[in-house]
Amino acid sequence: MRKVWIVEYETFEEKNTRSFESFNNAKLFARKLISKYSEAPKYLDEVRNGNRKKYRAAIANFFEKYFNDPNFPYTEDDIPSGDSNDYEETAPKSMIFGEDLDENDNDTDYEYESPDEYFEEDEFYAYIGNEWIITGDFEQCELPAMETNLILSMDENETYKYNEDTLSIKIYRKLCAGGSSNPVLLLAELEQGHRIDPEIYKDENEAKHTYEEAYGAGEKAPMSIRTVYRHIKMLHDLGYVIKKEEGGFSLEGKTAPKTNIDFGTSAYPIMLLDVLEEAEKPLLQADIISAILKKYHVSIHRKTIGRLIKGLIDLGYDIEHTKEGYKLIMT
């Protein structure tokens, strides 16, 4: 029987190790760390708020118990499936799929072609297993960012199969400025002639001060340095000519986007902005989808277009909507 269990732990305040006489004591210590730093309860309402109601509820219910009971989960039966397809979901009765109700309106009345498209739009994901829990993302604020292998009790007579000596827990400070708004904020800074220096994001206090000066104080923290560099590269791939100089990155102009690039969803608002900026007349949602597909070879759902437009308006962009379509008012 093992006499010592070593926990290797890392939070945004410290990195250290501690020894325990039993796995249960090690697990209790890990759970206390998670409860102290993750602020998980405030995320659970966001977890439940989405299209895949049953899947999200199962995940939220698990974490509600997990953060309140240091011994939960008791068995593998307490761990919900992480595959959203395992949950039979029903679309709201008020949802319209692929049918125009007003023939005189040039825009569509429906947001999705089918229920499958409605559920596919929900991008929420959390991995929960009997050996690992991994949650959070630097662009997804629906769960705290952490990972741990202190889940179920282990057979103390066996060698721990991932690492002979240590158990692990990591808790990261949630760094996000609003998910898909991150690249839009960076692009706005560049277009205003400012330089972006990712290095300032190494220091959280400096980054928070810089962020709040530009966008106002709030609960959401600034981006991580990793996120800044990744979005700078993404803007470059989208056709923005970005030059690295002393003091940071600057915008030199625009060119054609790169081909054969697997753009993620964080690129969508930039694509939408670009299409609206270049349009000589208002664009219907179908026109926007076609223009993005033609230029970037990316197909975006109709529902996503509406959500992205709302997000851009919330960020201060003046987008006018009439029967003729959407028009970006340039200032």
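1. In this predicted model, helix H5 meets helix H8 through Pro-183, Val-184, Leu-187 and Glu-191 on the H5 side and Pro-269, Ile-270, Leu-273 and Glu-277 on the H8 side. By class, six of the contact residues are nonpolar, two are charged and none is polar. The axes of H5 (residues 181-191) and H8 (residues 268-278) come within 9 Å and cross at roughly 45°; the two helices are therefore oblique to each other.

2. Helix H5 also packs against helix H7 (residues 225-237), at an angle of about 70° and with the axes 10 Å apart. This pair is therefore roughly perpendicular. H5 contributes Asn-182, Pro-183, Leu-186, Leu-187 and Leu-190, while H7 contributes Thr-227, Val-228, His-231, Ile-232, Met-234 and Leu-235. The contact comprises eight nonpolar and three polar residues, with no charged ones.

3. The whole structure contains 13 aromatic pairs. In one of them, Trp-5 and Phe-23, the ring centres lie 5.4 Å apart and the planes stand at 65°, so the arrangement is edge-to-face.

4. The rings of Phe-62 and Phe-72 form a tilted pair, with 5.4 Å between centres and 55° between planes. Phe-62 lies in helix H3 (residues 53-66), whereas Phe-72 is in the loop between H3 and helix H4. Both residues are buried.

5. Ring pairs join Phe-62, Phe-63, Tyr-66, Phe-67, Phe-72 and Tyr-74 into a cluster. The charged end of Arg-31 sits over the ring of Tyr-66, 3.7 Å from the ring centre.

Technical notes:
Residues are numbered from 1 along each chain as its sequence is written. This is a predicted model: local features need pLDDT of at least 70, side-chain atom pairs count only at pLDDT 80 or more; totals for chains, interfaces and linings use all residues. Side-chain values use heavy atoms; hydrogens and water are left out. Axes are lines fitted to C-alpha atoms, for helices over the stretch in contact, and angles run from 0 to 180 degrees between N-to-C directions. Helices (H or I, at least four residues) and strands (E, at least two) are DSSP runs, numbered from the N terminus. Angles under 35 degrees count as roughly parallel, over 145 as roughly antiparallel, 65 to 115 as roughly perpendicular and the rest as oblique. Contact means heavy atoms within 4.5 Å. Ala, Val, Leu, Ile, Met, Phe, Trp, Tyr, Cys and Pro count as nonpolar, Asp, Glu, Lys and Arg as charged, and the others, Gly among them, as polar. Rings of Phe, Tyr and Trp (its six-membered ring) pair if their centres lie within 6.5 Å; planes under 30 degrees apart count as stacked, over 60 as edge-to-face and the rest as tilted. Buried means under 20% relative accessible area, exposed over 50%, partly exposed in between (1.4 Å probe, protein chains only). A charge sits over a ring if NZ of Lys or CZ of Arg is within 6 Å of the ring centre and within 35 degrees of the ring normal.
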